[in-house]
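Subject: Structure handover

Hello,

Here is the structure for you to look at. My notes follow it.

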Amino acid sequence: MGVADLADYPWDAVAPFAERARAHPDGIVDLSIGSPVDATPAVVRDALRAATDAHAYPQTVGTPALREAIAAWFARRRGVPGLTADEILPTVGSKELVALLPLLLGLGPGDIVVHPRAAYPSYEVGARLVGASPVAADDPAQWPDGTRLIWVNSPGNPDGRVRGIPSLQAAVARARELGAVIAGDECYAELGWDAPWDTDPIPSILDPRVTAGEMAGVLSVYSLSKQSNLAGYRAAFLAGDSALVQRLLTARKHLGLMLPAPVQQAMIAALDDDAHVAEQKTRYRARRDILRPAVEAAGFRIDGSEAGLYLWATEGKDAWESMDRLADLGILVGPGHFYGAGFPQHIRLSLTAPDERVAAAARRLGS
Ligand SMILES: Cc1ncc(COP(=O)(O)O)c(C=O)c1O
């Protein structure tokens, strides 16, 4: 299969529910997509504004200052000290990297790409794009021979589950046994809610306790879209095994996958400033504290959701039925069908709505 064979974009199926939700007299509460609604922090916008003279081509590898800022951030925020410049690469947001990684690694028919059972759909898209076979499995013991690439996603989208150190250790050990590359997609790592992740940092796959200091075959993928309200800037990066990073760099140079220079400057400002990340987390926590009890009181059970940007909920009915009921209340959510075959009765509610809309949702769910 190639690009021309990709299925219709699944969100088109949600349009009729959106239309009904919009007809609510007090307007729609859109909790369907994880697109940030709060302003990009001033410190980041100022950095962008100061960098608008960008007459020269930027380098695919990123400026030395950007890579230093990423290394310092990994040491400070992710418990991964000592990354060097050749272990780091900026990406144009992380969705392109997720979807292109099988291609950039040279995978093809006969190769297996493993991804979580409840998963961000781009892992599967990337595998199918090159004719590789996607396998949805969370337990490393179920990752089959022939696996060349494994995606883990902690905290998870859509289910908000976190892999602790022992779980990441088991994943990396199995990847090594298989000779597969393992990539940790970690863009919700700053958003821990339930114990122990309300106080303990959510571990990176590059944590020395996971890798034992040996990063061969291991990559961490991170995005500033969520933590810094930068989704519109397309600002993300990866880090890990230097040999892999250099291979990816070569391919990405040929493809022109480089980050605009002003965005690189804005990223440095975002990575250097922890205050705005804490502020944003406070906003999401307040929304979650209102929405979660309201969703439960309306008859849903919340699964996982210990971290990240979503509530992963079920009322024991097909997701389209739940969508139907919620659309009558003017609330739009995402159906579990979009996140893997195993979750036809789950819905995903995003915390990315303005406070006033979240309050409206809670009121409607209670009525
Ligand atoms: C698990 C996961 N990975 C990657 C992305 C892509 O983020 P971006 O392309 O904005 O960096 C998302 C966005 O929702 C996500 O949920």
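The space that the ligand takes is the largest pocket. A pocket is an open set of points on a 1 Å grid over the protein atoms alone, where a 1.4 Å probe fits, with protein on both sides within 12 Å along at least five of seven lines. A molecule sits in one if more than half of its atoms lie within 2 Å of its grid points.

Two cautions. This is a predicted model: local features need pLDDT of at least 70, side-chain atom pairs need 80 or more, and totals for chains, interfaces and linings use all residues. Numbering runs from 1 along each chain as its sequence is written, and side-chain values use heavy atoms, without hydrogens or water.

Around the ligand there are 14 residues (a heavy atom within 4 Å). The closest are Asp185, Tyr188, Ser223, Ser225 and Arg234. By class, the shell has four nonpolar, six polar (Gly counts here) and four charged residues (Asp, Glu, Lys, Arg).

Polar contacts are pairs of N or O atoms within 3.5 Å. Oxygen atoms of the ligand take part in these:
- Arg234, polar side-chain atom, 2.6 Å
- Ser94, backbone N or O atom, 2.7 Å
- Lys226, polar side-chain atom, 2.8 Å

The protein covers 93% of the 400 Å² of accessible area (Shrake-Rupley, 1.4 Å probe) that the ligand has on its own.

Now a sheet. Four strands (DSSP E runs of at least two residues) form an open, antiparallel sheet, ordered β9-β10-β13-β12. Its edge strands are β9 (301-303) and β12 (334-335). β9 pairs with β10 (residues 310-314) over three bridges; pairing takes at least two. Arg301 stands opposite Thr314 in β10.

Best wishes

Key. A polar contact is a pair of N or O atoms within 3.5 Å; within protein, one must be able to donate a hydrogen and the other to accept it, and residues adjacent in sequence count only if both atoms are side-chain atoms. On a 1 Å grid over the protein atoms alone, a cavity is a set of points where a 1.4 Å probe fits but cannot get out, and a pocket is an open set with protein on both sides within 12 Å along at least five of seven lines; lining residues have an atom within 4 Å of a point.
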